[in-house]
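Please open the structure in the viewer and follow the stops below in order. Each stop names what to select and then describes what is found there.

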Amino acid sequence: RKHTHTHTSLSLSRPLYLSLVHVRQSGITPSPITSCCGSLSWPILPVPGPPVGMHQIRDMDIHNGDDCITIKSGSRDVLIERVRCQSSHGITIGSVWYDDVRNVTYRNCTLTNCLNGPRIKGRRQGNATVADILFDNIRLEAVGNGVQIDMDYETPGTHPMGSGVTATNVTFMNVRGTAKTPGQLQCLTSRPCAGVRVSNVDLSTAADPAPVGAASERSWVCSGLTAPQWTAVEPVPPSQCTQSP
């Protein structure tokens, strides 16, 4: 049975996380959410019994100062669509530590004045796989980093635990708009990401000219990608992004 929670407005003055845990199937529909500094976090975990469909988050306006929506470690079978984010850190998966994340789709979303666009972040100290991820039809308006995979997220110093987080079958498609940098797809060379596809992506940076000597900031930055696929992408990625390590 599907449970749908509908709010006309939700205001969080000092939010940390708003979470749904151990949800068999959920639907979250129209709700303008305003927060000063927190993020909306959905660790949607499997429970015993047969699968009953996708967890759905849709038709929301979110204005905050952290991740707009983030899908956490251990989540699977999640659809997020028609979400509008403002002043956030992006539409996110992670940061991922030790539990796999599978079958997550973000589609038909708009991000305005955000630090990042669609992104995946993993901890080098962790040990997990992010698989079957789709970001489709994402509109970016004056964001910082356009598209991002960061498997070295907040990992200072030594790395004694785990072997790191990897990703497989990840697609960024139909991502358009304006960004200061088109993106960084940075996986671990010791555990590279496979099956990363970037298709029909057009991210203009002309509205904010780079200072002298900063041309590299206008290029894609890549590492640790095995056989990536690039189709109809602007700016055109450099050779380091199109070749396997």
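A residue is called buried when its relative accessible area is under 20%, exposed when that area is over 50%, and partly exposed in between. The model on display is a predicted one.

**First stop: Gln148**

Select Gln148, which lies in strand β12, the run of residues 127-150. Is Gln148 buried or exposed? Its relative accessible area is 9%, so Gln148 is buried, given that the limit for this class is under 20%.

Next, display the surroundings of Gln148. Leaving aside residues up to four places away in sequence, Gln148 touches Asn116, Pro118, Arg119, Ile120, Phe172, Gln184 and Leu185. From that list, keep Gln184 selected: the side chains of Gln148 and Gln184 are joined by a polar contact of 3.2 Å.

The tour now turns to charged side chains. Side chains of opposite charge can pair when their charged atoms come close. How many salt bridges does the structure hold? There are 10 salt bridges in the structure.

Select Asp61 together with Arg84, whose side chains meet in a salt bridge with an N to O distance of 2.6 Å. This pair links distant parts of the chain, 23 residues apart: Asp61 belongs to strand β6 (residues 55-63), and Arg84 belongs to strand β8 (residues 76-86). Asp61 has a relative accessibility of 34% and therefore counts as partly exposed. Arg84 is likewise partly exposed, with a relative accessible area of 35%.

Select Glu81 and Arg82, the side chains of which form a salt bridge at 3.6 Å, N to O. Which class of accessibility does Glu81 fall into? With a relative accessibility of 4%, Glu81 counts as buried, whereas Arg82, at 33%, counts as partly exposed.

Now extend the selection to Arg58, Asp59 and Arg107. Together with Glu81 and Arg82, these residues are linked in a network of salt bridges.

Finally, select Asp100 and Arg102. A salt bridge is formed here as well, and the closest N and O atoms of the pair are 3.6 Å apart. Asp100 has a relative accessibility of 33%, so Asp100 counts as partly exposed. Arg102 is also partly exposed, its relative accessible area being 37%.

Technical notes:
Residues are numbered from 1 along each chain as its sequence is written. This is a predicted model: local features need pLDDT of at least 70, side-chain atom pairs count only at pLDDT 80 or more; totals for chains, interfaces and linings use all residues. Side-chain values use heavy atoms; hydrogens and water are left out. Helices (H or I, at least four residues) and strands (E, at least two) are DSSP runs, numbered from the N terminus. Buried means under 20% relative accessible area, exposed over 50%, partly exposed in between (1.4 Å probe, protein chains only). A polar contact is a pair of N or O atoms within 3.5 Å; within protein, one must be able to donate a hydrogen and the other to accept it, and residues adjacent in sequence count only if both atoms are side-chain atoms. Contact means heavy atoms within 4.5 Å. A salt bridge is a side-chain nitrogen of Lys or Arg within 4 Å of a carboxyl oxygen of Asp or Glu.
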